[in-house]
Amino acid sequence: MLIRRPADLPPSEITDPAVYGARRRFMGQAGALALGSLLPAAGQAALGPLSPLSHSALSTTETPTSLRAVTGYNNFYELGTSKTDPAENTFRLKPAPWTLRVEGLVNKPRTFALEDLFRLAPLEERIYRMRCVEGWSMVIPWVGLPLASVLKLADPQGSAKYVEFTSHYDRATMTRGVLDWPYSEGLRLDEAMHPLTILAVGLYGEVLPVQNGAPVRLVVPWKYGFKGAKSLVSLRLVDKPPLTAWMKAGPSEYGFYANVNPDVDHPRWSQATERRIGEFLKRKTLMFNGYADQVASLYTGMDLRRYF
Ligand SMILES: Nc1nc2c(c(=O)[nH]1)N[C@H]1C(S)=C(S)[C@@H](COP(=O)(O)O)O[C@H]1N2
Ligand SMILES: [Mo]
């Protein structure tokens, strides 16, 4: 099955800046709490604030999409293929306890407990533009750490050129069929090491909701959303481009690079414009989702129609 393109979205979701402001003040007050008390204890734990957070200069100043849309309009096919399924099926994924393996072509294979990941590097708020291949976009205030800081600890070998990302999959509780599970994605090592690439462990200042990929997911803001594999269990350093779940499902529709490019149409629709959730008029889609200044040099000399 291929990603379905929903009918145009209703302009119903409008961010309420007052709500966001209140959350930020709350995060400030909660700064004195010990980290341990903020981590999900078990199962679908109550969301807790993550603080103190520094605000990354790599953030956009655009208005974040409403929390309601960010957590209620999701793609997470393991929890169902409609946009509202993931939020209704959060009980199917237990985000704690959790471990993330870093393995493959590394000198120091590592297995991080979730608690280790939270302490490994300062958590930052990163407000990123996000663009789904289906034609909608959001602005999401992620909380995360640079993927590079995790990969470096495992000391990649010289032969490591790509990273393969694998999501959690439990056949007993999750969707069967649709894709060749587990969900997997890939990046070139230099893309993975780029400062914009993060592992997200939260959003809107709180622990990541299950429907957004708890407890830890990839976020690559210049690529279509499907790159951002959720609920990660392993990062594998490899020497060849990994075959991703979406490339297996539809190689002509989903390329390895998945860079947002308004000039390269999806075989079934144009990618020139997008519907920002919460807005009425469509926007022009920007090259590399507006991050060209920072990432275009990664693709110098490549034919971006061929490497789509
Ligand atoms: N494991 C897994 N990761 C996934 C998906 C999925 O179905 N399963 N969907 C992808 C797609 S198509 C998008 S657009 C984003 C959506 O992330 P969000 O729900 O946090 O906005 O997650 C990506 N990561
Ligand atoms: Mo997507």
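An oxygen atom of ligand 1 is placed 2.9 Å from an N or O atom in the side chain of R217, a polar contact in the sense of a pair of N or O atoms within 3.5 Å. The model is predicted, with local features needing pLDDT of at least 70 and side-chain atom pairs pLDDT 80 or more, while totals for chains, interfaces and linings use all residues. Side-chain values use heavy atoms, without hydrogens and water, residues are numbered from 1 along each chain as its sequence is written, and chains are lettered from A and ligands numbered from 1 in the order in which they are written.

**Exercise 1.** Describe the surroundings of ligand 1.

*Solution.* Begin with the shell: 16 residues surround ligand 1 (a heavy atom within 4 Å), and the closest are N74, Y77, E78, G228 and K230. By class, the shell holds seven nonpolar, six polar and three charged residues, with Gly counted as polar.

Next, take the contacts with oxygen atoms of the ligand: N74 brings a polar side-chain atom to 2.9 Å, whereas Y77 uses a backbone N or O atom at 2.8 Å. Taken alone, ligand 1 exposes 540 Å² (Shrake-Rupley method, 1.4 Å probe), and the protein buries 96% of that.

**Exercise 2.** Characterise the lining of the largest pocket.

*Solution.* Then sort the lining by class, which gives ten nonpolar, six polar and two charged residues.

Definitions and conventions:
A polar contact is a pair of N or O atoms within 3.5 Å; within protein, one must be able to donate a hydrogen and the other to accept it, and residues adjacent in sequence count only if both atoms are side-chain atoms. On a 1 Å grid over the protein atoms alone, a cavity is a set of points where a 1.4 Å probe fits but cannot get out, and a pocket is an open set with protein on both sides within 12 Å along at least five of seven lines; lining residues have an atom within 4 Å of a point.
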